[in-house]
Every structure is written in C-alpha cells, then in structure tokens.
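Hi there,

Here is the structure I promised to send over. Have a look at it first, and then read my notes below.

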Amino acid sequence: MLISNAIVCDENGERKIDVRIEDGVVVELGVHLNDAEVLDAQGAYLLPSLIDTNIRLQDANLNAKNIQAISNDALQGGVGHVILNADSTPAIDDEVVLEFAQNGTASLSGAKVDLMLNTLKEDMTLSNIAILLKKGVVAPYMSTIAKNDIAIKIAEYVQMYKVTLFCKAEDNSLKNAGVMLDGEVSSRLGLAGIPVLSEVLHVSRMIEIAKYFQISILFKSIASPRSIELIAKAKEEGVDVKCEVSIHHLLHSDESCEGFNTTAKLDPPLASKEDVVLLQKALKASQIDILTTLHQPNSPVNKEVAFYDAAYGCEALKDALALYYTKLVKSGLISMSELVKLTVTHPAKIIGLESGKIEVGTKAQFVLFDATKSYEVKNPQSLYNGEVLDGECKTIF
C-alpha cells in the first residue's frame, strides 16, 4: 500500500512525503512513489497512533465487555494503545485477576490494551509483584497511601526488575474528606476541599525514594504546578522522575465545578484558575512528559447525583486526537511534533517500546488525521460537550 499526499508528522517534525507499506512495515519514503494500491491522504496528517497510559473502564468494572468498549473508543480517538489503570474492581493485584484481564485483552478488534499491576492489596499489604511482572503487566502501580516501609519494599522490586513505577501522589487523610480542590470555589459551593498539599507532599517523598534507590518513577495525573516544579528540579539533579498531566487540568479550573457540575469532579481535582496558567507554562517549557485523556467513564446513575455522591471522572478517549489538536496545537501551546512526543514517544519509552517515528523499518501503527474537518462533541459526560473540535481520524493503520 502507498499513502500519498500526506503530511507525515512524527517526533522529528513535519514533511510532505509518500509512505509505502508492505506487510505492516514502512519500506520506502519519498516523493512520487508508485504502488498497485494507493490511498490519497489529500493533505491529511499521518501520525504514529497515540498511546494513553491512564485509562479506566466503565464504572471501574473489570470485564471483557468493558475492555472491548475501551479498545473501540480508543481507535475512534486516534489512540492505538492504552494502559488500563490497576485500581479496577476487581483490582489487578493477583494472578487470578490478571489472567482474567489478559483473557479480555487477547483478541480485541480495536486498540491494543495493556495492563498495570496494583502493588497494594485492599488490606494495604503487598501483592505478588514479582510473579505479576513476569506474567506480562507493563508497569507496577502504587498509590502513596502506602506507608513508608511498604513504599520502600515496592521500590526495591522496581529496582530489581528495572521497570518504571507508576505512582499516584495522594494523601488519604487529606483526600478522603474532600471532593474538589480546597479553595475559594469549594468554599462558595459549600463543598469540602482537598488541599494541594495532598499531592505535593508525596511527590517530594517519592522523589527522595527514587533518588535513594535510583529507580524510575512516572507521577500519574499531576495537578499542581508546585509538583511539576519539584519534579523538574529533581530531573536537573539526575533523578529519573517524570510527570503525566491530563488535558483537562491544562484547560479547566475548579470553576468548572460551578453549578455542582459532576462532570468536572475529577481525581485529582481540577486546579485553581491561576494554577491552570502555570500548568500551561510548564507544558510550553517542556516540563510535562506525558499527556493523558484521564478517561474514566461512568454510568449516569453514578454521575447524575449529588456532587458528594458522584463518581470521579469524565470521558474524552473518543475525542483524544481532535481534543489535543484543537486545544493545544491549533491554540499555539505546542507544535504537532511536540504533541507526538507527549502522546507517543515518551509514553512508549516508559513501557519499554520504541515509537514516535515514521521511517523505513518502523511498524505501520499510524493514524490519518484530517485537520480540515470539524465536529460537535455530543456527550454529556465530556467536559467539552457542545464544543466544536477540529480534526477527524479518517483511517487507523
């Protein structure tokens, strides 16, 4: 197959070039190439398909139906590979649940789905990390509700197996009392708030653990500019830490919770308006390593209730590439090639893969994205419901 008249965009930039594919591999790049089967891209972008490292299932229920649904939704949004969060029901913390989950991912018709393991059982004891890593999970996941002795044991496993620890920085004693960011908006709404220190304190703690054990940590869904500042400083000192930030935290502040809008009830909570500006500055300064849609779908019965009782999360996976393009690239915050680094190159490297380039020899895992098209989001569980997004995923390879 020959893909002609495409704007090929990868981590190295953009160029208008033809791409010839045989047996699922790029065999030739050039101009005016020939092949018996030709797909005219008509000026659309040809990008490596996206990777999202922070996806949850419908109502967090782990079953084959929900896994297939996530796989299908991902392809619609230009995402070819997703990593399921381990805090599902049941949690992926033993061999039986892992085998059950792997059976659900074995014969998907959509995007590839990989799994992370939950290092903590419900009683806060360690899961069998060594066995689960050997059985094919891509990364261990830990919430910092773990006490220091447990966190250190987890770090020792990470050091032994040379994997990246996916770490959610949160303080149980501070988080459990609140439902949104502690601040002016929460006070006005009469809702209990979660202080920003819930995240920042544990980012600092885990940086020290990463430094001591010389391990790699990816901080999941960071919401505080102060956390990013600490991570950036640690990087300068040679500590192998990285941060993931959701598209929602870059665009929406806690003011989106006005009117008790449960779609804006996210975990971590949306930051203040001032901090959103700082998060965008951090993005432009290349201090953010990975972007996520933080996709967390819920049934209406779990969202269309009082704010206190509503489940955390919103939906964005179906709109992923159009959302990134419209809100980040077209707005001028980042370039298209920088978007590829944040959504393909960096997340691939975290899980031990090589992706982000379109060159001879690479697998044809691409998305053809037409930036001239637009559509209206029609999803009441999306923070972008009613908005017009630019771009359409025409074909997934």
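L197 is found in helix α7 (residues 197-213); helices here are DSSP runs of H or I with at least four residues, strands are runs of E with at least two, and both are numbered from the N terminus. This residue is partly exposed, at 45% relative accessible area (buried is under 20%, exposed over 50%, partly exposed in between, with a 1.4 Å probe and protein chains only).

Before going on: this is a predicted model, where local features need pLDDT of at least 70, side-chain atom pairs count only at pLDDT 80 or more, and totals for chains, interfaces and linings use all residues. Residues are numbered from 1 along each chain as its sequence is written, and side-chain values use heavy atoms, leaving out hydrogens and water.

D23, in the loop between β2 (13-22) and β3 (25-30), has a positive phi of about 50 degrees although it is not a glycine. S221 also has a positive phi, near 40 degrees, and sits in the loop between β13 (216-219) and α8 (225-236). Are they buried or exposed? D23 is exposed, at 80% relative accessibility, whereas S221 is buried, at 3%.

There are cis peptide bonds to look at as well. One joins T89 and P90, with omega about 0 degrees, and P90 is in the loop between β7 (79-84) and α2 (95-105). Another joins D267 and P268, with omega about 5 degrees; P268 is in the loop between α9 (247-251) and α10 (273-284).

Finally, helix α12 is mostly covered, with nine of its ten residues buried, among them Y324 and Y325.

Best wishes
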